[in-house]
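Colleague: I want to learn how to read features off a model. Take me through them one at a time.

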Amino acid sequence: MPAAPHTRPGRWIDGWDPEDAVFWERTGRRVARRNLRLSILSEHIGFSVWSIWSVMVLFMSPAIGLGFTASEKFLLTTVPTLVGALLRLPYSYAVTRFGGRNWTVVSTAALLVPTASTAYFVQQPGTELWVFLVLGALTGVGGGNFASSMTNITAFFPQRAQGWALGLNAGGGNIGVAVVQLVGLLVVALAGNTSPALVAGVYLPLIVLAALLAAVRMDNIDAVVAAPGAQLEVVRDRHAWWISLLYVGTFGSFIGYGFAFGLVLQNEFGSSPLQAATWTFLGPLLGSLARPLGGRMSDRFGGALVTFWNFLAMAVATGVLLVASGSGSFPLYLTAFIALFVLTGVGNGSVYKMIPGIFTARAALSSIPDAFARARRLSGALMGVAGAVGALGGVFINLTFRASFGGSAANGNAALLTFLAFYVLCLVVTWAVYLRPAPGRVATRREPVAEGVTSA
């Protein structure tokens, strides 16, 4: 196994001495970028496997002996979202217990089980719904990869560069949602809508390749090792829950819409599998590409300010969706939905940028010798907690759409109104907790210097 790049705790955090800066320029930057590239690859495949049921449900029809209802299909997209969310906490802890390289190898190789099983059972006409629900739960392991990957990568970069690095890591992973849908489109276009096994089959050799590359080229470093109880410690901090709420609004929307987009188009406008697959990959693709932009903008202007304006824009886009639904305009509906995807990506980057800023600000004001090491530990723990809670927003999205389309109106308007109200709530929270001037709070232009405050 490759040796760890260094063994000095906190070597990768801010508050460096001159020796640290030299180490970063000569060695740290190169090592960090290599691990980032491989982390993106592994997380990308994990997201593709996690969201593979957003594609499988488009194939399910009486033509292949799997004639499930719309309500049952929304349930099939809900289960993997739920399991992936619940696994994020143990996954974020696992990387601190076993090391970044070691856990990446294990978690990537584990994707072979649900992928191979899915490829087999979608070829068996008459397979009962409960079997596919179990398979959907198994694909949820791909959702856990995000938390471990983000916790690992944050230890490789100084705080000033984390917005961009975490944005690239998460965006490269998120784009797996779009890629698996693009694979589905190609399969439908080339082999028809009766060959869903081909979609899963594409990923089997890629999983093996990613696991091997991680084993050979990634590193374990001591800075990512967390003391026992870090997650329990961070959940007692009120900002863990404010940040998690905001992440429900951004990432929960991204992954929820990613799973539901094709089904929404089918049920709202009667789109065929080919027509739905033609458009479904665009939203997740652009949303994933926007995540690094959100991180970069937050590096420049501050995470809270970007988050505030982003939620305002998300509320407006949701309002446009309601107008498009009422008028029956497919082009306007599609445009507004894709814009909403882009905004979720920007928000994902800005909310995650806020996490290290909160704890680093406290460390800057602290006289405790290991304050920056503790800030890094708690930042990693909160990324796991927020990632888990935020992903539960995807469950909420799918269940709300399921109830909305199953109602008497048989459209998604009730769901959209619910989402609009939630975005307004997130907008208010961002202002009240992180931007509103208050006595005793002192804020800088970019990142907080007092507890929980990010100001423009």
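Colleague: How do the residues of the lining of the largest cavity divide into nonpolar, polar and charged?

Modeller: Start with the classes: Ala, Val, Leu, Ile, Met, Phe, Trp, Tyr, Cys and Pro count as nonpolar, Asp, Glu, Lys and Arg as charged, and the others, Gly among them, as polar. Here the lining holds 3 nonpolar, 9 polar and 1 charged residues. This is a predicted model, where local features need pLDDT of at least 70, side-chain atom pairs count only at pLDDT 80 or more, and totals for chains, interfaces and linings use all residues. Residues are numbered from 1 along each chain as its sequence is written, and side-chain values use heavy atoms, with hydrogens and water left out.

Colleague: What is a cavity, and how many does the search find?

Modeller: On a 1 Å grid over the protein atoms alone, a cavity is a set of points where a 1.4 Å probe fits but cannot get out; lining residues have an atom within 4 Å of a point. Points join across faces, edges and corners, and volume is the space filled by probe spheres set on them. The whole structure has 5 cavities of 30 Å³ or more. The largest has a volume of about 100 Å³. Its lining has 13 residues, and the closest to its centre are Ser42, Thr104, Asn145, Ser148 and Ser149.

Colleague: Which helices each supply at least two residues of that lining?

Modeller: Helices are DSSP runs of H or I, at least four residues, and strands are runs of E, at least two, numbered from the N terminus. Helix H1 (18-50), helix H4 (100-109) and helix H7 (141-154) each supply at least two lining residues. The protein comes to 17 helices and 0 strands.

Colleague: Ser39 is also in helix H1. Is Ser39 buried or exposed?

Modeller: Buried means under 20% relative accessible area, exposed over 50%, partly exposed in between (1.4 Å probe, protein chains only). Ser39 has 4% relative accessibility, so it counts as buried. Contact means heavy atoms within 4.5 Å. Leaving out residues up to four places away in sequence, Ser39 touches Ser149, Ile153, Asn169 and Met218. Across the protein, buried residues make up 59% of the 456 residues.

Colleague: How many salt bridges are there?

Modeller: Side chains of opposite charge can pair when their charged atoms come close. The cut-off for a salt bridge is a side-chain nitrogen of Lys or Arg within 4 Å of a carboxyl oxygen of Asp or Glu. The search finds 2. One joins Arg34 and Asp219, at 2.3 Å from N to O. Arg34 sits in helix H1 and Asp219 in the loop between helix H9 (197-217) and helix H10 (230-235), 185 residues apart. Both Arg34 and Asp219 are buried.

Colleague: Which residue pairs with Asp299?

Modeller: Lys353, with the closest N and O atoms 3.0 Å apart. Asp299 lies in helix H13 (residues 282-301) and Lys353 in helix H15 (residues 330-365), so the pair ties together parts 54 residues apart in sequence. Asp299 and Lys353 are both buried.

Colleague: Which side chain of opposite charge is nearest to Lys73?

Modeller: For charge, Lys and Arg count as positive and Asp and Glu as negative; His and the chain ends are not counted. Lys73 is in helix H3 (residues 70-98). Its nearest opposite charge is Glu72, 8.5 Å away. Lys73 is buried yet has no salt bridge. Beyond four places in sequence, Lys73 touches Val57, Met60, Phe68 and Leu263.

Methods:
1 Å grid on protein atoms, 1.4 Å probe; cavity = no way out; pocket = protein on both sides within 12 Å on 5 of 7 lines; lining within 4 Å.
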